[in-house]
Amino acid sequence: MAEVKIPELAESITEGTIASWLKGVGDSVEKGENILELETDKVNVEVISEESGVITELRAEEGDTVEVGQVVAVVDESGEASSSEEKEESTPSESKDEEKDAPSKDEKKDEPKEEKKEESGEASDEGSDRIVASPAARKLAREKGLSLKEISAGDPRGHVRSQDVENHEASKKNQEAESKKSESKPEKQQANAQPEKPVIREKMSRRRQTIAKRLHEVKQNTAMLTTFNEVDMTNVMELRKRKKEAFQEKHDGTRLGFMSFFTKASVAALRQFPAVNAEIDGDEMIYKQFYDIGIAVSTEEGLVVPVVRDCDRKTFAEIEADIAGLATKAIDKKLSLDEMTGGSFTITNGGVFGSLLSTPIMNGTQAGILGMHTIQKRPVAMPDGSIEVRPMMYIALSYDHRVIDGKDSVNFLKTIKELIENPEDLLLEG
């Protein structure tokens, strides 16, 4: 028998959630074949079988949290795959349901005892004429449908009289009235309360839980501020319009987008203001001498931030190709852990969803994040005093004020604005 264990993934990842089983009990599996998909804090990974054989046991279910090194399945190297009919017959859930439906031995034994108790109870009720009572009291009790056993005698000798029956009936009516009042109160409250609205409750995915946890930590552990500016996109849009077809032909179909311009502008600004490319480690500041830019990508399971490496050494075409490739991997859940870690600065583009303005939250231990927004035509006062309608974009820099002073944050954003408005300057910076 061979055991399938959760493999070592990365230093920071010690557990994951089983997203789905790709194989079931009785299925044959080849060496190196994927048998389950594991969802971690950052990416989804597929776990393989180290041996060929037949899966005889699954020790965890979909949705279970499992740790690195934990045995999750057993493979019989000499077994044969079972048919689908045999699997259905041996389904654990069905056998459990049958066990639940079948009465236990103890329940069977208890049945006649309960019947005997009921019979003995009826017999004792019938023996109520043994109570010492006056004929008038007996007659009155029969008329009112009362048992003499329930009536408390006022006589010290225990003789039940007619007035005792009447007093018992009166007290019983009072108790019933009080119980009706107490029952009617919640009914009135329910009538006055608003009816319950339909909701759908579902468990958060591991990635969504991690996103929520990390963003909350950033808000709690940093002195985050946001500064804003706006960019006239006229020149960069005209340049892109003139060059996009030639660019696409020259670089094997790679499209020229705005992200490469903002990535190059960010690198140039980070060189001028190194504190924006830094982070705090205890009582030390770490100034990063590399420019690995994280590009936020929206997926069905939430936002992920793959990293474009060495943006200071890459051309516009290489940056655009990397961004497109990483975005495709993110959507297809094919990103590796290496492609998700080690960024020094992040860019997020809410403009693709129509966002006009936002305050982005920093990513992990980074000190800054640049937010791009939708391009909107607005009237702008020109240097000569005239008014022109220009395509404008609001940009935002959220930063950790413990690391970056307000002056540097404002000038950082101003530098990006100037480079985008004069895109030929980016060639000189590159």
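Asn277 sits in the loop that links helix H8 (258-272) to strand S10 (278-281); helices (H or I, at least four residues) and strands (E, at least two) are DSSP runs, numbered from the N terminus. The model is a predicted one, in which local features need pLDDT of at least 70 and side-chain atom pairs count only at pLDDT 80 or more, while totals for chains, interfaces and linings use all residues. Residues are numbered from 1 along each chain as its sequence is written, and side-chain values use heavy atoms, with hydrogens and water left out.

With a relative accessibility of 1%, Asn277 counts as buried, where buried means under 20% relative accessible area, exposed over 50% and partly exposed in between (1.4 Å probe, protein chains only). Setting aside residues up to four places away in sequence, Asn277 touches Leu270, Ile286, Tyr287, Lys288, Phe290, Tyr291, Ser344 and Phe345; contact here means heavy atoms within 4.5 Å. A polar atom of the Asn277 side chain also lies 3.0 Å from the backbone oxygen of Lys288. This is a polar contact, meaning a pair of N or O atoms within 3.5 Å; within protein, one must be able to donate a hydrogen and the other to accept it, and residues adjacent in sequence count only if both atoms are side-chain atoms.

Ile347, in strand S16 (residues 345-349), is buried as well, with a relative accessible area of 1%. Beyond its neighbours within four places in sequence, Ile347 is in contact with Met259, Phe262, Thr263, Ser266, Ile293, Gly294, Ile295, Ala296, Leu370 and Met372. Ala296 is 51 residues from Ile347 in sequence, yet their C-alpha atoms are 6.4 Å apart.

On to the helices. The axes of H8 and H9 come within 9 Å and cross at roughly 115°; axes are lines fitted to C-alpha atoms, for helices over the stretch in contact, and angles run from 0 to 180 degrees between N-to-C directions. H8 contributes Phe258, Met259, Ser260, Phe261, Thr263 and Lys264 to the contact, and H9 contributes Phe316, Ile319, Glu320 and Ile323. The buried residues of H9 are Phe316, Ala317, Ile319, Glu320, Ile323, Leu326 and Ala330. After H9 comes Lys333, with a positive phi near 60°.

Elsewhere, four strands make an open, antiparallel sheet in the order S1-S8-S6-S3. Strands S1 (2-5) and S3 (28-29) stand at the edges with a single partner strand each, so one side of each has no neighbour in the sheet. Two strands pair if DSSP finds at least two bridges between them. Two bridges join S3 to S6 (residues 53-58), with Ser28 opposite Val54. S6 and S8 (residues 71-76) pair over four bridges, and Leu58 stands opposite Ala73.

Lys23 lies in the loop between strand S2 (15-21) and S3 and, at 19% relative accessibility, counts as buried. Leaving out residues up to four places away in sequence, Lys23 touches Ser28, Glu33, Asn34, Ile35, Ile55 and Leu58. A polar atom of the Lys23 side chain lies 3.4 Å from the backbone oxygen of Ser28. Lys23 and Leu58 are 35 residues apart along the chain, with 9.4 Å between their C-alpha atoms.
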